[in-house]
Amino acid sequence: MTLNAPVRPAAIRRRPLVVASPYLLGAAAFLTVFLSRRDRLPDPMATHFAGAGRADGFTALGVFPYAALGLLLVPAALFVWFARAEGGRHASGRALVAIAYAVAGFGGFLLTDLVVANARAASAEQARLGPWQLGAALAVAAVAAGLGLLLAGRSAPVASEAPEGPGAAPRLALREGESVTWTRTVGSRALVACGPALLALGVLVALVADWGSALTLLLPGALLSAMAGARVTVDRHGLTATAPWMPWPRLRVPLARIEEVTSRDINALKDMGGWGYRVHPGRSGLVLRSGDAIVARLTTGSEFVITVDDAATAAALLNALVTRDRAHHGG
């Protein structure tokens, strides 16, 4: 077992506060500009612009500041949750902070500039938001991302272990003809957080812009909310994962494709790059949370991973079922 260089604990503890800071500053800047120009703003305000920069969508003046603050604070809450869940343990945490700062910089600049554009125009229909303003927002996002990396601090030490080799997982003793099934449900706090957050952002975008634009957030939000959990089953068919309340979509690895099964701890961000169905070179699987996981080494040499509680029991049963299946088929 090896450890990376140690890190100051304070840098880890303050990471959620670091993530929240640009959103709070962006909200303060937006409110300052909005309140200082409120008397010059049209009602309704221009909040959606066509490709040429001409206004083609409008929002009531009384609704706009609340929707704009929601567009800043909902992502802030989501990124803070991710920062707390990740705990500063891996280098991916620094990337998370950089992304959070980029989103805050981009959104805060555009929302504030939207107020300025409306205040300068003689009417909402004459307000303009051109390509240069979008370019400026991207530049602000890039600078903010760099600042986020500087403030994120180093990652915490992580013990790195070589995965267990073949035969490391025990086999359950099965009698001839005995039928055994193991099943558990697993949920993802990350997807449970993302789904409603995207739905809330979609509603806010609909209020500020239009429902067509909001669908790009509402549809993924509904999908993530529906797929935030899974029922994992081990039986004579192999390893199967389905939605807890539906027989489909179904993800199945038959016994014939499995070489050996172990259980080990999997970190969603470090090991799989995130949550959900993940595909990496030499490894794929369903990762709804970090922690205990079934790790099946396939006949192709790759690994298939499912994070679920009591993974050691599931691995032992799968090994026994694989052994019996090969004996029956002369493998």
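Reader: Is Ala311 buried or exposed?
Author: In this predicted model, Ala311 counts as buried, because its relative accessibility is 0%.

Reader: Which element holds Ala311?
Author: Ala311 belongs to helix H9, which covers residues 311-329.

Reader: And what does Ala311 touch, leaving out residues up to four places away in sequence?
Author: With those left out, Ala311 touches Ser263, Asp292, Ala293 and Ile294. Ala293 lies 18 residues from Ala311 along the chain, and their C-alpha atoms are separated by 5.4 Å.

Reader: Which other residues of H9 are buried?
Author: Besides Ala311, the buried residues of H9 are Ala314, Ala315, Ala316, Leu317, Leu318, Asn319, Ala320, Leu321, Val322 and Arg324.

Reader: What do the buried residues of H9 pack against?
Author: They pack against the strands S3, S4, S5, S7 and S10.

Reader: What span should H9 have, and what does the model show?
Author: At 1.5 Å a residue, the 19 residues of H9 should span 27 Å. The end C-alpha atoms are 27 Å apart, so the model agrees with that expectation.

Reader: Let us turn to the sheets. In what order do S3, S4, S5 and S6 stand?
Author: These four strands form an open sheet in the order S3-S4-S5-S6, with antiparallel pairing. Strand S3 (182-187) and strand S6 (250-253) are the edge strands, and each pairs on one side only. From one strand to the next, the twist averages 15°.

Reader: How many bridges link S5 and S6?
Author: Strand S5, residues 238-242, pairs with S6 over four bridges in the antiparallel sense. Within S6, Arg250 is the bridge partner of Thr242.

Reader: Where does H9 lie relative to these strands?
Author: Helix H9 lies across S3, strand S4 (229-235) and S5, and it runs at about 40° to S4.

Reader: What about the five-strand sheet, in what order does it run?
Author: This open sheet has the order S7-S10-S11-S9-S8, and its pairing is mixed. S7 and S8 stand at the edges with a single partner strand each, so one side of each is left without a neighbour in the sheet. The twist here averages 15° from one strand to the next.

Reader: Which strands of it pair in the parallel sense over four bridges?
Author: Those are S9 and S11. In S11, Glu303 is the bridge partner of Arg283. H9 packs on this sheet as well, touching S7 and S10, and its direction makes about 175° with that of S7.

Reader: How do S8 and S9 run, and how many bridges join them?
Author: Strand S8 (residues 276-280) and strand S9 (residues 283-287) run antiparallel and are joined by five bridges. One of the bridges has Val287 of S9 as the partner of Gly276. The two strands make a hairpin with two residues between them, and Gly282 takes a positive phi near 80° there.

Reader: What holds strands of a sheet together in general?
Author: Strands of a sheet pair through backbone hydrogen bonds, either parallel or antiparallel.

Reader: Changing topic to helix H2: where is its kink?
Author: H2 has a kink of about 30° at Ser21, shortly before the proline Pro22. Its buried residues include Val18, Val19, Pro22, Tyr23, Phe30 and Phe34.

Reader: Finally, how many helices and strands are in the chain?
Author: The chain has nine helices and 11 strands. Of its 331 residues, 47% count as buried. Among contacts with a separation of 6 or more, 67% join residues 24 or more positions apart.

Terms used
Residues are numbered from 1 along each chain as its sequence is written. This is a predicted model: local features need pLDDT of at least 70, side-chain atom pairs count only at pLDDT 80 or more; totals for chains, interfaces and linings use all residues. Side-chain values use heavy atoms; hydrogens and water are left out. Two strands pair if DSSP finds at least two bridges between them. Axes are lines fitted to C-alpha atoms, for helices over the stretch in contact, and angles run from 0 to 180 degrees between N-to-C directions. Contact means heavy atoms within 4.5 Å. The bend at a residue is the angle between axes fitted to the seven residues ending there and the seven starting there. Buried means under 20% relative accessible area, exposed over 50%, partly exposed in between (1.4 Å probe, protein chains only). The expected span of a helix is 1.5 Å times one less than its number of residues.
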